[in-house]
Amino acid sequence: MATWAIDPLHSEIQFRVKHLVISNVTGSFQKFEGKVEADKEDFSDASIAFSADIDSIFTGNEQRDGHLKSGDFFDAAQHPKLSFQSTSFKKVSGDEFALEGDLSIKGVTKPVKLEVEFGGTTKDLYGNTKAGFEIKGKISRKAFGLTWDAVTEAGGAVVSDEIRLILNVQVAKQA
């Protein structure tokens, strides 16, 4: 079984949420780790584990980042990491896969389904074998206990419940 580790210098873990129902705010996690274990070269038998440090959340606004780390949202002091463990990774067609697993945020674990596009494998300039993946999906923030809400004067939500996940991940084969 081959083991692959996420290359944090060539990976992005992002989320996007509607703000005031009219535009999106994008954020990311700056510190994360993960591994993939697979026997098959196309990763069709892969097992995937991932975690991100909540304190590394970054949206480009220090005040908003602080609010997201607070008890209103992620509660980083009590729940310093979010994690994911795959339960299924199946080829749909070509380079498209369906990834299912358990996502844990703020002490709540729920099953999620994600879409994966396998970008292929190659050797880098130093002879290391790398593989690339783009992962997308949607979750309900409220299902994970991120229930803070506010309503505008016009009656619209300040922050939508639906969170879009966008991960561009490069993994390096371990010796």
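## Basis of the model

The model is predicted: local features need pLDDT of at least 70, side-chain atom pairs count only at pLDDT 80 or more, and totals for chains, interfaces and linings use all residues. Residues are numbered from 1 along each chain as its sequence is written, and side-chain values use heavy atoms, with hydrogens and water left out.

## Overall fold

The protein has one helix and eleven strands. Helices (H or I, at least four residues) and strands (E, at least two) are DSSP runs, numbered from the N terminus. Read from the N terminus, the order is β-β-β-β-β-β-α-β-β-β-β-β.

The chain has 175 residues, and 39% of them count as buried. Buried means under 20% relative accessible area, exposed means over 50%, and partly exposed lies in between (1.4 Å probe, protein chains only). The accessible surface is about 9900 Å², with 50% belonging to carbon and sulfur atoms. Accessible areas come from the Shrake-Rupley method with a 1.4 Å probe; for residues, only the protein chains shown count as cover.

Contact means heavy atoms within 4.5 Å. Take the contacts between residues at least 6 apart in sequence: 55% of these join residues at least 24 apart.

## Strand pairing

Two strands pair if DSSP finds at least two bridges between them. Strand β4 (residues 32-38) pairs with strand β5 (residues 47-53) in the antiparallel sense, over six bridges. Here Phe-32 stands opposite Ala-52 in β5. β5 also pairs with strand β7 (residues 81-93), antiparallel, over five bridges. Ser-51 faces Ser-83 in β7, and Phe-50 has Phe-84 as its bridge partner in β7.

β7 and β8 run antiparallel and are joined by nine bridges. Ser-83 has Ser-104 as its bridge partner in β8. The β7-β8 hairpin has two residues between the strands, and Gly-94 takes a positive phi near 55° in this hairpin. β9 and β10 also run antiparallel, with eight bridges. Their hairpin has five residues between the strands, and Gly-127 takes a positive phi near 85° there.

## Nonpolar core

A nonpolar core is a set of buried Ala, Val, Leu, Ile, Met, Phe, Trp, Tyr and Cys residues joined through side-chain atoms within 4.5 Å. The largest one has 44 residues. Phe-29, Phe-43, Phe-74 and Leu-82 have the most contacts inside it. Strand β11 (residues 159-173) gives the largest share of this core, five residues. In soluble globular proteins, nonpolar side chains tend to be buried together.

Phe-29 shows the packing in detail. Leaving aside neighbours within four places in sequence, Phe-29 contacts Ile-13, Phe-15, Ala-52, Asp-53, Ile-54, Ser-56, Ile-57, Phe-74 and Leu-82.

## Aromatic pairs

The structure holds nine aromatic pairs. Rings of Phe, Tyr and Trp (its six-membered ring) pair if their centres lie within 6.5 Å; planes under 30 degrees apart count as stacked, over 60 as edge-to-face and the rest as tilted. The ring centres of Phe-97 and Phe-118 are 6.5 Å apart and the planes stand at 80°, so this pair is edge-to-face. The pair links distant parts of the chain: Phe-97 is in strand β8 (residues 96-105), Phe-118 is in strand β9 (residues 108-123), and they are 21 residues apart. Both Phe-97 and Phe-118 are buried.

Phe-118 and Phe-133 have ring centres 5.1 Å apart and planes at 25°, so this pair is stacked. Phe-133 lies in strand β10 (residues 129-140), 15 residues from Phe-118. Phe-133 is also the bridge partner of Phe-118 in β10. Relative accessibility is 11% for Phe-118, and Phe-133 is buried at 9%. One aromatic cluster takes in Trp-4, Phe-43, Phe-89, Phe-97, Phe-118 and Phe-133.

## The setting of Thr-59

Thr-59 sits in the loop between β6 (57-58) and α1 (62-69). Thr-59 is buried, with a relative accessible area of 11%. A polar contact is a pair of N or O atoms within 3.5 Å; within protein, one must be able to donate a hydrogen and the other to accept it, and residues adjacent in sequence count only if both atoms are side-chain atoms.

The Thr-59 side chain makes a polar contact of 2.8 Å with the side chain of Arg-64. A polar contact of 2.5 Å joins the side chains of Thr-59 and Asp-65. Not counting residues up to four places away in sequence, Thr-59 touches Phe-15, Thr-26, Gly-27, Arg-64, Asp-65 and Leu-68.
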